[in-house]
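Some questions about a protein model follow the display. Please look at the sequence and the coordinates before reading on.

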Amino acid sequence: MDELCKAAKECRRGVSNKAGPVEFNLHRLSSCKRLKDDIMSGRYKIRPGTKVIVYRPKRRVATAPWFRDRVWQRSMCNNGVYEDLTRSFILENIACQKGKGADMAIRRVVKMLQRLHRKEPGATVYGVHLDVKKYFPSTPHDELKEMDKRRISEERFLPFLYEIIESNKDERPREEIDADPFGERGTGLGSQINQLHQIALLDPMDHDLKCICRDYIRYNDDILILSHDRQVIERARGAARDHLAKIGLIMTDKAGIFKAENGFYFLRKRFIMKRSGKIIIRLHSKALAEERNTLRGLKRCVDYGLRTMEDVRHHYQSWIANAEYAGDAPIRAMDKFYAQLFRERPQYKRKKRYLYGNNPETRRKARKSRTRKQDAKERECRSESEDRLCGDLRLSGDAGGRRGGAE
């Protein structure tokens, strides 16, 4: 009961103004009590979610689960499912986990490029960007069930996890499903359990490719491999294709084997590594145009009273946080457009992002602390030398007095 109430509070974050969370949390104790009774008695059935179309970065169909189902899924994740599924993950498996995300992925790519340059300065860095074709709609249900059976330690969660998997209906014709050796396919975007399933399904492939090539990173179904040796890239690409074929998935090669000095895209950022080792990050070619269109839409909403300027500032702050990696030029251009559109200077705070080393502020503080320690040591040495000198003068004065008395 306590875990369900805790999960309800966590699920309410960011959506507390919507009808479902408001209705559930208005009588949270009684709602959690009914949910607990349904789970313990076996009456709990997951409800079909609402289909939602997401247009950015590209058109996708997501499934929004009911708030009641979200609470139970969050409670299962908090009480063992998350730890069981993510325990064996490598560091470079970055999506949908605590303490990880797109920022960490960008930093890891920069670190990989820096490491390759230090290993062989000036040498050509090759890479390949791989993807899984229709990853969520084409994931076999049987593979997910086998994975849960191997990894989940609490067996009482397994029937509920199987029900979540089966709730994602395969929209193909029945004849095509019967002819498919992997059976029914498809999971829905939007569910926490489905997200964990998708990042955990390719975990064995991560370990195999990490042994072939050290500079490897995966963000959900986006895979990036970098190396000085072109043959290593080809071998890793072949291993990835074979592993995906075993579980009924198809690999797509987005740009073939490329050179890092010519630039490559990863997570809608363009990375360019010069022969000198300098790393340049640029926004996607459509990022500025998309943001201008979004600001125009927000301006219309503000004019009609549907949004406030505070909402506009929050949105612009989030865009600034995403664009900071690309330097000041795109931010200055967007600031100018924002000022012309809303007739006010943009208000936001910029974080200092240091991709190419430690924070200089930290180094400055460390330098100051070192100088303070050195000053303290010098003062101690000076005081010791002064005390020694005074002692020598005192001894010489006593010796002179004794000689005068003897005379």
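The questions and answers below concern this predicted model.

Q: Which strands stand at the edges of the open sheet of four strands?
A: The open sheet has the order β4-β5-β3-β6, and its pairing is antiparallel. Two of these strands have a single partner strand each, so one side of each is left without a neighbour in the sheet. The strands at the edges are β4 (216-219) and β6 (251-259).

Q: What is the average twist from one strand to the next?
A: The sheet concerned is the open one with the order β4-β5-β3-β6. From one strand to the next, its twist averages 15 degrees.

Q: Which residue in β5 stands opposite Tyr219?
A: Strand β5 covers residues 222-227 and runs antiparallel to β4, with four bridges joining the two. Strands of a sheet pair through backbone hydrogen bonds, either parallel or antiparallel. The residue opposite Tyr219 is Asp222.

Q: What angle does the direction of helix α5 make with that of β4?
A: Helix α5 (residues 102-119) packs on the sheet and touches both β4 and β5. Helix α10 (residues 203-212) also lies across β4 and β5, running at about 160 degrees to β4. For α5, the angle with β4 is about 165 degrees.

Q: Is Glu92 buried or exposed?
A: Glu92 lies in the loop between α4 and α5. Leaving aside neighbours within four places in sequence, Glu92 is in contact with Arg108, Lys210, Tyr216, Ile217 and Arg218. The relative accessibility of Glu92 is 6%, and the limit for a buried residue is under 20%. Glu92 therefore counts as buried.

Q: What is the phi of Cys96?
A: Cys96 is placed in the loop between α4 (67-86) and α5, and at 37% relative accessibility it counts as partly exposed. Most residues other than glycine have a negative phi. Cys96 is not a glycine, yet its phi is positive, near 60 degrees.

Q: Where does Leu267 lie?
A: Leu267 is not a glycine, but it has a positive phi of about 55 degrees. Leu267 lies in the loop between β7 (264-266) and β8 (269-273).

Q: How much accessible area do Ile53, Tyr55 and Val61 have together?
A: Val61 lies in strand β2 (residues 60-64). At 46% relative accessibility, Val61 counts as partly exposed. With Ile53 and Tyr55, Val61 forms a nonpolar patch on the surface, and the accessible area of the three together is about 300 Å².

Technical notes. Residues numbered from 1 in each chain as written. Predicted model: local features only at pLDDT ≥ 70, side-chain atom pairs only at ≥ 80, totals over all residues. Heavy atoms only, no water. Patch = residues over 30% accessible without salt bridge, like charges linked within 9 Å, V, L, I, M, F, W, Y side chains within 5 Å. Areas by Shrake-Rupley, 256 points an atom, 1.4 Å probe, with all protein chains shown as cover. Salt bridge = Lys/Arg side-chain N within 4 Å of Asp/Glu carboxyl O. Buried < 20%, exposed > 50% of the residue type's maximum accessible area, 1.4 Å probe, protein only. Pairing = 2+ DSSP bridges. Axes fitted to C-alpha atoms, helices over the stretch in contact; angles between N-to-C directions. Contact = heavy atoms within 4.5 Å.
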